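Me: I am new to this structure. Could you show me how to read it, feature by feature?

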Amino acid sequence: MIPGQEGIVTRFAPSPTGRLHLGHAASAIRAHDFALAWGGRFLLRIEDIDGTRSRPEHVADIVADLAWLGLSWEGPVFQSQRLDLYADAFGKLDTMGLVYRCYCTRAAIAASLSAPHGPEAVYPGTCRHRPRDDQPDAPHCWRLNVAKALARTGPLNWWDETAGTVACEAAAQGDVVLARKDAPSSYHLAVTVDDAAQGVTDVVRGIDLFAATHVHRLLQALLGLPTPRYRHHPLLTRSDGERLAKRHGAPTLAALREAGEDGRALADLLRAGRLPTGFSARNA
């Protein structure tokens, strides 16, 4: 799908819970260059809604890293300053009767998912039919009743640059969490609201978030929000095929920057698909 005449808006939205690595750089460069190629806008959004793990020093590193790569952007906008928007969206879903309290601990959910013949990878809906006011003061999160939501919207689809038109299969993701005590909005709700509020037309992000897009499409339909085009790209991996990640010792951009490496040269290398020794691009 070729972008129309409307202004193109992309974004890079890292979480300041650690330093950026080469995979982040590749994604930011893709989003940045796509917007510039169409005379559009590239936004920086800091997804710091997890107040227990977000650190201001990582925000400073993100800004320094992107400048080192030679990128330019608008922002940043901080999710922690937009909680009213997420609360309003959650309230609309609550008014529709589409959310419910879940009291299950992660350990209990993991145990139920590992049971013989049990469901795999999705929340089994243990609390879905509990009374609305059952133990309101007990620790809980809020989940979206996906089946009820889909019954309200009917069939949906969305568009991806590689996959084309994709039928929305949000049910496969289970009843996702929308909010919890330590995070007033989940990633799913916040990113959906923010992309619409910021006028993002094209979401450029890794293929690892492809499945999440089904949930985002459903939330867009429920909240009456526009659906952007999606451009999911391959992830960077190590030469052994392992996903590039901090836990696997991936070099951080800050470390490379502090070692005196040329950020613009690295960005050009990534643009050309020529990656540092030991890495390869693949779908994962």
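Me: Which residues does leucine 222 touch, not counting residues up to four places away in sequence?

Reply: Contact means heavy atoms within 4.5 Å. Leucine 222 touches Leu93, Met96, Leu98, Leu144, Ala149, Arg152 and Thr153, with residues up to four places away in sequence left out. A note on the source: this is a predicted model, where local features need pLDDT of at least 70, side-chain atom pairs count only at pLDDT 80 or more, and totals for chains, interfaces and linings use all residues. Residues are numbered from 1 along each chain as its sequence is written, and side-chain values use heavy atoms, leaving out hydrogens and water.

Me: Which residues touch the most other members of the largest nonpolar core?

Reply: In soluble globular proteins, nonpolar side chains tend to be buried together. A nonpolar core is a set of buried Ala, Val, Leu, Ile, Met, Phe, Trp, Tyr and Cys residues joined through side-chain atoms within 4.5 Å. Buried means under 20% relative accessible area (1.4 Å probe, protein chains only). Here the largest core has 32 residues, and Leu93, Leu144, Leu178, Leu189, Leu218 and Leu222 touch the most other members. Helix 7 gives the largest share, five residues.

Me: How many residues of helix 6 are buried?

Reply: Helices are DSSP runs (H or I, at least four residues), and strands are too (E, at least two), numbered from the N terminus. In helix 6 (residues 187-197), eight of the 11 residues are buried. Among them are His188, Leu189 and Asp195. The buried residues pack against elements including strand 1 (9-12) and helix 7 (212-223).

Me: How does strand 1 run relative to strand 2, parallel or antiparallel?

Reply: Two strands pair if DSSP finds at least two bridges between them. Strands 1 and 2 run parallel, joined by four bridges. Phenylalanine 12 has leucine 44 as its bridge partner in strand 2.

Key:
Buried means under 20% relative accessible area, exposed over 50%, partly exposed in between (1.4 Å probe, protein chains only).
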